[in-house]
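Hi everyone, thanks for making time.

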Amino acid sequence: MPLWIWFVIAGIIVSAIMTVRTAKMERRQEDEYLEQEGQKYLDRMREEQEKRKSEIHHSA
């Protein structure tokens, strides 16, 4: 086989590897972002619960 065919095959393999690595990195970043947003939501919910509890105790 000519040498250029080996270069094309190597390029396809390298491209596939880089695509998989990039997809994993993006998935990891998205998971971290969703984790942070979920934590913010939970924190807001806890604050709201504490606020309601304190309002109940103060009004009673």
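So, how many helices and how many strands are there in the protein chain? There are 1 helix and 0 strands.

Quick housekeeping. This is a predicted model, where local features need pLDDT of at least 70 and side-chain atom pairs count only at pLDDT 80 or more, while totals for chains, interfaces and linings use all residues. Residues are numbered from 1 along each chain as its sequence is written, and side-chain values use heavy atoms, with hydrogens and water left out.

Okay, overall shape. Along the principal axes, the C-alpha atoms of the chain fill a box of roughly 90 × 5 × 5 Å. The radius of gyration is 26 Å, while a compact globule of 60 residues would come out near 10 Å. That radius is taken over C-alpha atoms, and the globule rule is 2.2 Å times the number of residues to the power 0.38.

What percentage of the 60 residues is buried? It's 0%. Buried means under 20% relative accessible area, exposed means over 50%, and partly exposed is in between, with a 1.4 Å probe and protein chains only. His58, which is in helix α1, counts as exposed because its relative accessible area is 72%. The chain's accessible surface is about 6,000 Å², and 61% of that belongs to carbon and sulfur atoms. Those areas come from the Shrake-Rupley method with a 1.4 Å probe; for residues, only the protein chains shown count as cover.

Now, patches. They're made of residues with over 30% relative accessible area and no salt bridge, joining like charges within 9 Å and nonpolar side chains (Val, Leu, Ile, Met, Phe, Trp, Tyr) within 5 Å. Met1, Leu3, Trp6, Phe7, Ile9, Ile13 and Ile17 make a nonpolar one of about 800 Å². Phe7 lies in helix α1, residues 3–59, and counts as exposed because its relative accessibility is 57%. There's a negative patch too, from Glu26, Glu30, Asp31, Glu32 and Glu35. Glu32 is also in helix α1, and at 46% it counts as partly exposed.

On to charges. Lys and Arg count as positive, Asp and Glu as negative, and His and the chain ends aren't counted. Each charge is placed at NZ of Lys, CZ of Arg, CG of Asp or CD of Glu. The chain has 10 positive and 11 negative charges, with mean positions 4 Å apart.

Why might some of these pair up? Side chains of opposite charge can pair when their charged atoms come close. A salt bridge means a side-chain nitrogen of Lys or Arg within 4 Å of a carboxyl oxygen of Asp or Glu, and the whole structure has 3. Lys40 pairs with Glu37, closest N and O atoms 3.3 Å apart. Those two are 3 residues apart in helix α1, so about one helical turn separates them. Asp43 and Arg46 pair at 3.2 Å, again 3 residues apart in helix α1. Finally, Arg52 meets Glu48 at 3.5 Å, N to O; Arg52 is exposed at 52%, and Glu48 is partly exposed at 35%.

Methods. Helices (H or I, at least four residues) and strands (E, at least two) are DSSP runs, numbered from the N terminus.
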